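Hello,

Here is the structure I said I would pass on. My notes are below it.

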Amino acid sequence: MELVNTLVQGTLLGGLFALYALGLSLVFGVMRIVNIAHGDLIVVLAYVGLTVTEFFGISIIVAAPLVLLLAGGMGWLLQRGLFEFVPRHDPLIPLLVAFGLSIILQNLMLLGFGADPQKLSIGKLEQASVQILPNLHVGVFSLLIFGVAVALIGGLQLMIYRTSFGRALRAVSDNEANAAMLGLDTRAVFRKAFVIVMLTVAIAAMLMAVRGNFDPASGPTRLLTAFEAIVIGGLGSMWGTLVGGIIIGIAQMVGAQIDASWQVLSGHLVFLILLIVRPRGLFPKNDG
Amino acid sequence: MTGEIMTSGSQKLPLAVLGLSVAVMVPLPFFVDNGTMRYLTDLFIIMAVAQLWNLLAGFGGVVSIGQHAFVGAGGYAFFGLTTHLGLNPFLSMALTLPFGALLSLPVFAILSRMRVAYFAIGSWVLAEVFMLVAGKLPGFGGGSGISLRPQIVKAFGASTSTRVENIYWLSFAILVLVIFLIILVMHSRRGYSLRAMRDNETAAMALGVNPNAVKAMLFVVSGAFLSLLGAVNTLQKLRVNPSGSFSLTDWTVFIIFMVVIGGMGRIIGPIIGAVLFVLLRENLSGYGPIYMIILGAAAIGMMLYEPGGIAVLVQRWKFRKAKQQELAG
C-alpha cells in the first residue's frame, strides 16, 4: 500500500511538473529560445498572485482572472520589449539574454519581497482529501492540479492542431522565413505565442503557490524539473512532457521515502539515467 | 556569431603581452603587502575560470551553466587526496588536473546527447547532482563542510605571508598557462577547425572537422584546469563545503557576466571583464541585489548591442579614431 501511495502521489506531483514545463516547451518550439528565466517567471507570477490577493484582500480563486490578465500583459511586454530585439541566428545570444533576465528577476524579487518563503492559502480545500482505495487517501488539491495539467495540455493540443493560429504557430516553428514569405505576420505570431506561454506560467504559478512555499530563489529548481520533464518526454511532445513529469514526480517521491534530502537528487539521477538510455526521449518527434 | 568577433592577427602580439605581464607580476610580492596579493590571487583565479568559460562558449560555441561542478569537484578531490588518502599536498594538487580531465569525459558524453541549446540546462542539472552528492560523501562534513588540516595548509608555506606569496605565484602560473594554452590551441590546426566550426558547423563538417571531438577536447581542457583552480581556491578558503565549493554565483553567474561584458571569443575579453568585475565589486557589492541587477542588465545590453563586448567596442573606437586622424592628416 505504501508503494501504491508513493506512486499515486508521485504521479499527481508530475502533473505540476508538466505545468511548469509547458511554457518552456512552447517558447523553444516556436521561438527556438531556451528560456533560462522560465522558472523565475513562474515565481514572479506567484508573487503577483500574492500581491493581488493581499492588496484586494481576496482569495486567489477570485483573483485568478486578474493574475491571468497581468500575466498575458507581461508576456506581450517581454516579447515586444525584449525578445523581439534578440537576434536568434546564433542560439548563444538568446540563451545569454535569458540568463541575464533570470538573474535580474531573482534579484528584483529579493528587493521587493525579501528572502522569506511565502505561500498562498485557499482554506479548507488545501487539506481536503478523498478515499480512492481502501487505505489510500488523495488530496483534492493534488487531483485538481493534475486535472488542470491534463486539461491544459488537451487545450493546447487543440489550439496547435485545430485552429488557424495553431497553423500559424506550426508554420513559424517549421520555417520562419517561409512563413513570413507566405504573408504571415511572424512578429504578431510571436507576441501572441508569448502571451499564451505566460498564461500557462500563471496557471502553474498559482497552483504552485497554493501547494507549497516559494521564495525569490525558487526559480532554478522549477526550471530544472521542467527541463527534465521535457527531455524525458521527447522534445515537442506535450503528452510526453506529462509522462516525463510523472516519472520525475515518482522518482522524487520514492527518493523522499529514503530520506528528505534524497528527493531532489533522485529526480535528477533518474533523468540522467534516462538521458543515457533514451537520448531522444520516450516519445521523440522526427523534427525534434 | 560571425567571424568578426573571433581573435585575429598573429600569435606574436598576445605572446609578447603575456611575457611582459609575467615580468611585472612575478616579482610583485617583493613590493606589495599581503592584502594586495590576496586581492590579485582572487583576480587571477577568477580570470582563469573566465578564460576557460570563454574557451568553451566564445571559441567552441558550447554554453555551460555548470562549470561550478568542476571547481567544486576539484576542491573536494584535493581534500580527499590529502586528508583521506594522505598523499603529499603538492602531488594532490597536481592530481586534481587529471582528475578533472577524467571527470569531464563522462560528463561530456552525457551532455553531448542533448541539442546545443539544451546543453546549458543539462550542465546545470549535472552540477546540481555533483553538489548534492558532495554533501552526502562520508568524510567530507556533509552539508556544512569541513576544514583542511593545518599541516596540509602549512605545506604551502609555514607562515601566512610565505603562503600568501606562494599561492599568489601558483595562481598566476596557472593563469599564464591557461592563456598560453588557449593561444596555442587557437593557432593550431585544431584551432582553425574550431573557428570554422564556430562560424558554420555544417560547412566545417563537410570539410572533415568533427565538431564533437573538438568540443570534447575543449571540455576536457577546461574541466581539468577548473578542477585545479578549485583546489587552489580550497587552499585560499581553507575548507570545502557544498554550497561554497560549488557556488553557482561565484563560478558560473559572475563568470558568464564577465566574459559577456568583456568580450566573448577573444582572449582579452575575460581579462577586461574580470578586472572590471573586481573593481566594481569593491564599490558596489554593498548594494547586493542591485549590483546583480546592474550586471544582468549590462550583460543583456551588451548581447543586444555588441555581442563582441567591450573588446570589440574599444577596437572599433580605435579604428574610428585612426581613420579620423588619417583624414585630418
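Predicted model: local features only at pLDDT ≥ 70, side-chain atom pairs only at ≥ 80, totals over all residues.

Helix pair. In chain A, helix α9 (residues 219-233) packs against helix α10 (residues 238-258), with the axes 7 Å apart and at an angle of about 120°. The two helices, α9(A) and α10(A), are therefore oblique to each other. Their crossing is right-handed. On the α9(A) side the residues that meet α10(A) are A:T225, A:E228, A:A229, A:I230, A:I232 and A:G233. They face A:G240, A:T241, A:V243, A:G244, A:G245, A:I247 and A:I248 of α10(A). By class, this contact has six nonpolar residues, six polar and one charged.

Single residue. B:I272 sits in helix α13 (residues 268-284) of chain B. B:I272 counts as buried because it has 21 C-beta neighbours inside 10 Å, and the cut-off for that class is 20 or more. Apart from neighbours within four places in sequence, B:I272 is in contact with B:G262, B:G263, B:I310 and B:A311. B:M258 is 14 residues away along the chain, and its C-alpha atom is separated from that of B:I272 by 8.0 Å.

Chain contact. Chain A contributes 34 residues to the contact and chain B 31. On the chain B side, the elements giving two or more residues are α5 (116-134), α12 (248-262) and α14 (289-305). Of these, α5(B) gives the most, with 10 residues. That side of chain B has 26 nonpolar, two polar and three charged residues.

Regards

Key:
Residues numbered from 1 in each chain as written. Chains lettered and ligands numbered in written order. Axes fitted to C-alpha atoms, helices over the stretch in contact; angles between N-to-C directions. Helix = DSSP H or I, 4+ residues; strand = E, 2+ residues; numbered from the N terminus. Parallel < 35°, antiparallel > 145°, perpendicular 65-115°, else oblique. Left-handed = near helix turned anticlockwise from the far one by under 90°. Contact = placed C-beta atoms within 7 Å. Nonpolar A, V, L, I, M, F, W, Y, C, P; charged D, E, K, R; others polar. Buried ≥ 20, exposed ≤ 12 C-beta atoms within 10 Å, placed from the backbone.
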